[in-house]
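Thanks for asking me to look over this one with you. Here are a few notes to read with the structure open beside you.

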Amino acid sequence: MARFWVCLAGAGFFLALLVLHSRFCGSPVLRKFAFQISWRTKEIPYRLDVGWPKYSEYFTGATFCVAIDSLSGLVYIAQRGDNIPKVLVFTEDGYFLRSWNYTVDTPHGIFAASTLHEQSVWITDVGSGSYGHTIKKYNSFGDLVQVLGTPGKKGTGLNPLQFDNPAELYVDDTGDIYIVDGDGGLNNRLIKLSQDFMMLWLHGERGTGPAKFNIPHSVTVDSSGRVWVADRGNKRIQVFDKDTGEWLGAWNNCFTEEGPSSVRFTPDGKYVIVAQLNLSRLLLVAAPPVGSIGNCSVIGTIQLADQVLPHLLDVSGKTGAIYVAEIGAKLELECDARSCSSHHGTIKQQIQRS
Ligand SMILES: *[C@@H]1O[C@H](CO)[C@@H](O)[C@H](O)[C@H]1NC(C)=O
Ligand SMILES: *[C@@H]1O[C@H](CO)[C@@H](O)[C@H](O)[C@H]1NC(C)=O
Ligand SMILES: *[C@@H]1O[C@H](CO)[C@@H](O)[C@H](O)[C@H]1NC(C)=O
């Protein structure tokens with residue numbers, strides 16, 4: 001018999017939700033089965049992981065985004081603020097490794113794209129300084145490898161490529177790059193680039209009709225070749241064929257209260273995790289199988305503490321843990337004569353079934 005346990009974690013600016021695996025007496029095959037039974041009975045197998053990170057004192061700014069490199073077990077977090085490290089690197093276990101701020105102005109989105117040969121992390125930078133209006137690729141230690149866009153200059157150009165408030169990107173296994181540009185600037189575009197940065201297709205119009213956008217804020221690609229875009233200002237998710245760019249459909253009905261800020265899949269591809277910023281809420285939505293996306297169906301919600309404002313999130317492909325960057329959470333330090341400990345604004349999470 002498999003016994004289910006759920007271990008999750010949350011902390012400060014930063015909340016980590018971890019799926020706990022079944023622990024027990026049995027083969028790995030049985031373990032996986034236990035996990036599916038839990039989903040089928042509609043339990044939400046997430047819990048706040050109060051042990052993550054080990055030390056939250058590293059969060060000295062406002063946390064805007066997070067990327068998990070499951071292959072290497074690394075968590076990259078980007079924060080904004082003056083005279084602070086902008087990118088923090090932790091292990092998935094919650095230990096701090098290193099940080100950098102060299103060439104990072106105002107981070108908005110982040111993506112980890114590691115292969116067996118290369119660990120890399122991409123950042124969209126919405127700053128207006130000399131490093132802003134760009135998308136940058138770094139290695140795991142913060143060395144700048146590639147810059148897309150015209151540093152320090154916003155624009156609408158395609159050749160050379162220019163951005164204004166680029167929101168997020170996704171890099172798939174083949175190296176193809178999907179960019180949403182952007183977060184309320186001049187552009188409302190979804191761009192697909194090849195790994196050598198040639199444009200493969202583009203949807204570039206502001207509007208409310210199919211394949212038009214109003215603040216395309218987050219992008220991800222599923223295992224059946226569909227590109228999912230959180231079209232925040234239009235309160236919908238739009239879906240495209242990744243090869244042709246063809247519009248496949250939109251979900252409106254789950255987002256009448258507030259548009260989606262972030263969109264990610266669980267590793268089994270069965271659920272879409274969506275953040276709603278001002279509602280301080282995560283939605284677990286059933287992911288449709290290949291083909292028509294149909295209507296949106298919320299399976300459960302995770303209500304975070306008031307005003308923590310979940311901005312962007314990522315899901316570990318290995319553990320299924322959800323990591324949420326909360327731009328509104330406040331870290332409070334409590335000190336006595338000997339030491340300081342931190343209080344987290346996010347302890348009040350509730351998990352509800354809908
Ligand atoms: C970079 O981070 C260091 C701390 O790691 C800080 O002292 C320095 O002021 C930061 N620089 C900038 C430009 O923010
Ligand atoms: C959240 O609320 C602020 C302040 O009212 C507003 O400016 C912003 O557009 C809202 N964001 C979303 C995603 O609804
Ligand atoms: C979606 O919902 C609408 C309105 O309830 C309904 O008319 C339509 O048939 C539904 N579509 C699918 C694919 O379920």
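Which residue of β20 does Val219 stand opposite? Val219 stands opposite Val229. Please keep in mind throughout that this is a predicted model.

1. Let's start with that pairing. Strand β19 (residues 216-221) and β20 run antiparallel and are joined by 5 bridges. The two form a hairpin, with 4 residues between them. Have a look at Gly225 in the turn, where phi is positive at about 85°.

2. On to the next partner of β20: strand β21 (residues 236-241), antiparallel to β20 and joined to it by 6 bridges. Here Ala230 stands opposite Ile237 in β21. β20 and β21 also form a hairpin with 4 residues between them, and Lys235 in that turn has a positive phi of about 50°.

3. How enclosed is β20 (residues 226-231)? Because 6 of its 6 residues are buried, β20 is largely enclosed by the rest of the structure. Both of its faces are covered: Arg226, Trp228 and Ala230 are buried on one side, and Val227, Val229 and Asp231 are buried on the other.

4. Now for another part of the chain. An open sheet is formed by 4 strands in the order β5-β6-β7-β8, with antiparallel pairing. β5 (62-69) and β8 (96-100) stand at the edges with a single partner strand each, so one side of each has no neighbour in the sheet. On average, neighbouring strands of this sheet are turned by 20° against each other, direction ignored.

5. Finally, the partner of β8. Strand β7 (residues 87-91) pairs with β8 in the antiparallel sense over 4 bridges, and Phe90 stands opposite Phe96 in β8.

Note on methods: Residues numbered from 1 in each chain as written. Chains lettered and ligands numbered in written order. Predicted model: local features only at pLDDT ≥ 70, side-chain atom pairs only at ≥ 80, totals over all residues. Heavy atoms only, no water. Buried < 20%, exposed > 50% of the residue type's maximum accessible area, 1.4 Å probe, protein only. Pairing = 2+ DSSP bridges. Axes fitted to C-alpha atoms, helices over the stretch in contact; angles between N-to-C directions.
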